[in-house]
Amino acid sequence: PDVQRISEGLRDTGYDFNTAIADVVDNSIAADARNVSIRLAIDFAGEIVVAVADDGTGMDREGLINAMRYGSERRPSAKSLGKFGMGLKTASTAFARRLSVVSIAEGGSPIRATWDLDKLAKDRTWSLEVSAPSAEEAELLNELAKDGPGTLVLWQKVDRLLDGYKEPTSKARKRGMDRLIDRLRDHLAVVYQRFLDPSDTRERNISISINGDAVQFWDPFLTAVTKEPVLEKTIKVKTTDEDTAEFTVRAFILPRKEEYENQATQSLARVSNERQGV
């Protein structure tokens with residue numbers, strides 16, 4: 001397949017920014033990370049900085065090359081959030097022309113692999129760059145990994161994020177970044193609720209932060225107040241191979257405005273017209 005046509009075409013698979021970052025976080029969770037640190041900023045030259053670091057198991061050279069392969073090998077766990085081995089690459093290049101991943105396995109040395117779409121177009125070949133990371137990249141990873149294993153994902157040459165502003169260093173563009181961060185925080189708070197909520201035992205607890213500020217979980221059903229669902233039904237279905245599976249539907253009704261104990265509790269519900277219904 002034509003390298004440039006394919007690599008450019010895979011940028012348009014339908015990601016929005018929130019789901020793209022979540023795809024990267026999925027990989028951190030699959031790597032048993034306890035902490036995930038997301039950094040979003042605009043530097044002095046107007047370049048957007050996107051970095052996601054974790055203290056998961058990390059990867060050696062072979063593992064890193066596999067992770068960067070389009071269609072990487074299937075993970076052994078059926079519960080893995082990644083399914084097709086495409087997310088890291090397509091999510092990242094949907095917004096950046098250069099994706100670098102720095103990783104270090106237990107007892108190993110840090111190694112970096114990079115897909116650069118401009119270099120691919122120039123060389124007309126799938127040339128994955130593999131090298132030692134820069135001192136700055138190694139330091140950025142070590143801030144979270146603390147001399148242990150971990151992984152750092154870097155989006156560079158970001159060209160599809162906040163690109164509607166004339167001045168790359170303007171205050172308006174920086175305010176746009178602040179709004180972007182607020183929306184991302186809200187998205188992660190509900191998508192990873194069971195991982196962030198200490199009282200939820202369905203998954204192990206992790207910490208996710210954006211620019212140093214911890215993401216607080218959001219429970220849209222406000223179970224601390226509603227306590228129990230008004231309806232709960234388990235439905236069994238037959239799968240294609242004649243085995244059966246089941247899923248449970250639960251319905252909650254949030255209290256009326258005057259039924260909350262105080263304003264703080266009411267604000268946790270985040271009631272709005274767009275959040276009504278199923």
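E3 and E6 pair in the antiparallel sense over eight bridges; strands pair if DSSP finds at least two bridges between them. Helices (H or I, at least four residues) and strands (E, at least two) are DSSP runs numbered from the N terminus. This is a predicted model, where local features need pLDDT of at least 70, side-chain atom pairs count only at pLDDT 80 or more, and totals for chains, interfaces and linings use all residues. Residues are numbered from 1 along each chain as its sequence is written, and side-chain values use heavy atoms, with hydrogens and water left out.

**The sheet**

- Eight strands make up an open sheet with mixed pairing, ordered E5-E4-E3-E6-E2-E1-E7-E8.
- At the edges sit strand E5 (129-131) and strand E8 (213-214), each pairing on one side only.
- E2 and E6 run antiparallel and are joined by five bridges, with Val52 facing Val153 of E6.
- Over by E8, two bridges tie this strand to strand E7 (residues 207-210), again antiparallel; here Ser209 is opposite Ala214.
- Seven of the nine residues of E6 are buried (under 20% relative accessible area; exposed is over 50%, partly exposed in between, with a 1.4 Å probe and protein chains only), so E6 is largely enclosed by the rest of the structure.

**The helix across the sheet**

- Helix H7 (residues 171-191) lies across strand E1 (35-42), strand E2 (48-54), E7 and E8.
- H7 runs at about 160° to E1; axes are lines fitted to C-alpha atoms, for helices over the stretch in contact (heavy atoms within 4.5 Å), and angles run from 0 to 180 degrees between N-to-C directions.

**The aromatic rings**

- Searching the whole structure turns up eight aromatic pairs, meaning rings of Phe, Tyr and Trp (its six-membered ring) with centres within 6.5 Å; planes under 30 degrees apart are stacked, over 60 edge-to-face, the rest tilted.
- Phe17 and Phe95 are edge-to-face, at 5.9 Å centre to centre and 90° between the planes.
- Phe17 is in helix H2 (residues 17-30) and Phe95 in the loop between helix H4 (87-93) and strand E3 (96-104), so this pair ties together parts 78 residues apart in sequence.
- Phe95 also stacks with Trp155, at 5.9 Å centre to centre and 5° between the planes.
- Trp155 belongs to strand E6 (residues 150-158), so the Phe95 pairing ties together parts 60 residues apart in sequence.
- Phe17 is buried, as are Phe95, at 8% relative accessible area, and Trp155, at 3%.
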